[in-house]
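Subject: Structure handover

Hello,

I am passing this structure on to you. Please have a look at it first; my notes on what was found follow below.

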Amino acid sequence: MQYLLFVDDTGFNKNKNSRKLNDEKISMVGCLVPAGEIEQLAGELNFYLSELKELYNADEYHFTDICNHKNQFEGIDGFDALSMIQIFAEIIKEYDIKIVTQTITSEMLEKKGDLIAGVDAIARECGFSSTSEAQKNESRALILNILNAKKYVESLSGDNEIAAVFCDEGLRKNNAETKIKLGGKDVEIDFCSSKEFPYLQVADFAAWALTRSKLNLEKSQNKEMKDFDLMTMRILETIVSNYVNISHVTTNAECGINVDETYDEIVK
């Protein structure tokens, strides 16, 4: 089976009450969709986009703006925001979209020099000649995400493969393209605008959901979680199993947790 991989980046401002979150540089989140289901998914996304245009005169679902009431979503209320989160969570479940994540951390850069050197070599082959450390980490996260996705689909069946990769513009401009060699084959990486290429809005949601979960837990450490955040977590709980290459924990998020202690327990 052939899969298409849709990738978006995510991150947050530092100075959090967590050494682990402060250690993060960037995350890349990829959504795996079987090529045979892409037309049906397109029809569903276009339906919800037409509704969005009618209700908010907005051109795309951008969940950071939706939940922060910014740009085209300044007038949105909490119930509509939760409804949009619910819609995309249901899309993830309906199409059983598998989500692959890759986070670059300071610890990783320090302790896994051989891995980083190998990834940097692949980045040069792909034409990612970034000079800033931020762009280097972005290209590293993208390449490792693609390799993780390849490993995952092949674990399901040796005949599975990544047919193409689509990444939200940022590392490269809209309509730019390059190639990465996977299993001896050149696989195209296309950089697209999520407004023009709505599949990437699913990746935006998956990336936002990862970061929002971290932030909600960080904000509620040792205190009660706010109602909107708690309702958001209850919706996102339904798609936890779709994140296939990160550890999951069960906890009473309503009363807050200690992020670093929970992380250390996972490591143990």
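What is the volume of the largest pocket? The volume of the largest pocket is about 1700 Å³. A pocket here is an open set of points on a 1 Å grid over the protein atoms alone, where a 1.4 Å probe fits and protein lies on both sides within 12 Å along at least five of seven lines. A volume is the space filled by probe spheres set on the points, with grid points joined across faces, edges and corners.

Before the rest, some notes on the basis. This is a predicted model, in which local features need pLDDT of at least 70 and side-chain atom pairs count only at pLDDT 80 or more, while totals for chains, interfaces and linings use all residues. Residues are numbered from 1 along each chain as its sequence is written, and side-chain values use heavy atoms, with hydrogens and water left out.

The pockets

The lining of the largest pocket consists of 43 residues, where a lining residue has an atom within 4 Å of a point. Nearest the centre of this pocket are Leu210, Lys214, Ile246, Ser247 and Ile266. Two or more lining residues come from each of α1 (19-22), β3 (98-105), α5 (106-111), α7 (133-156), α8 (199-219), α9 (227-236) and α10 (259-267). These labels are DSSP runs numbered from the N terminus: helices are H or I with at least four residues, and strands are E with at least two. The largest share of this lining, five residues, belongs to α8. By class, the lining has 20 nonpolar, 13 polar and 10 charged residues. In this scheme Ala, Val, Leu, Ile, Met, Phe, Trp, Tyr, Cys and Pro are nonpolar, Asp, Glu, Lys and Arg are charged, and the others, Gly among them, are polar.

The second largest pocket holds about 320 Å³ of space. Its lining has 15 residues, and Thr10, Gly11, Thr64, Trp208 and Thr211 lie nearest its centre. At least two lining residues each are supplied by β1 (2-10), α3 (63-68) and α8. Here too α8 gives the most, with six residues. The lining of the second largest pocket divides into four nonpolar, six polar and five charged residues.

Leu210

Leu210 sits in helix α8. Is Leu210 buried or exposed? With a relative accessible area of 12%, Leu210 is buried; buried means under 20%, exposed over 50% and partly exposed in between, with a 1.4 Å probe and protein chains only. Apart from its neighbours within four places in sequence, Leu210 is in contact with Ser27, Val29, Thr101, Tyr243 and Ile246, contact being heavy atoms within 4.5 Å.

Helix packing

Two packed helices are described by the angle between their axes and the distance between the axes. Axes are lines fitted to C-alpha atoms, for helices over the stretch in contact, and angles run from 0 to 180 degrees between N-to-C directions.

Helices α4 (78-94) and α8 pack at an angle of about 105°, with axes 10 Å apart. That angle makes α4 roughly perpendicular to α8; the class covers 65 to 115 degrees, whereas under 35 is roughly parallel, over 145 roughly antiparallel and the rest oblique. The contact involves Ile85, Phe88, Ala89 and Ile92 of α4, and Gln201, Val202, Phe205 and Trp208 of α8. Its residues are seven nonpolar, one polar and no charged.

Helix α6 (residues 113-125) packs with α7 at about 95°, their axes 9 Å apart. Helix α6 is therefore roughly perpendicular to α7. On the α6 side the contact is made by Leu115, Ile116, Val119, Asp120, Ile122 and Ala123, and on the α7 side by Ser139, Arg140, Ile143, Leu144 and Leu147. This contact has eight nonpolar, one polar and two charged residues.

In α9, the buried residues are Asp229, Leu230, Thr232, Met233, Ile235 and Leu236. They pack against α4 and α8.

Positive phi

Asn57 is not a glycine but has a positive phi of about 50°. Asn57 lies in the loop between α2 (38-56) and α3. Asn175, also not a glycine, has a positive phi of about 75°. Asn175 is in the loop between β4 (161-168) and β5 (177-182), and is exposed, with a relative accessible area of 62%.

Regards
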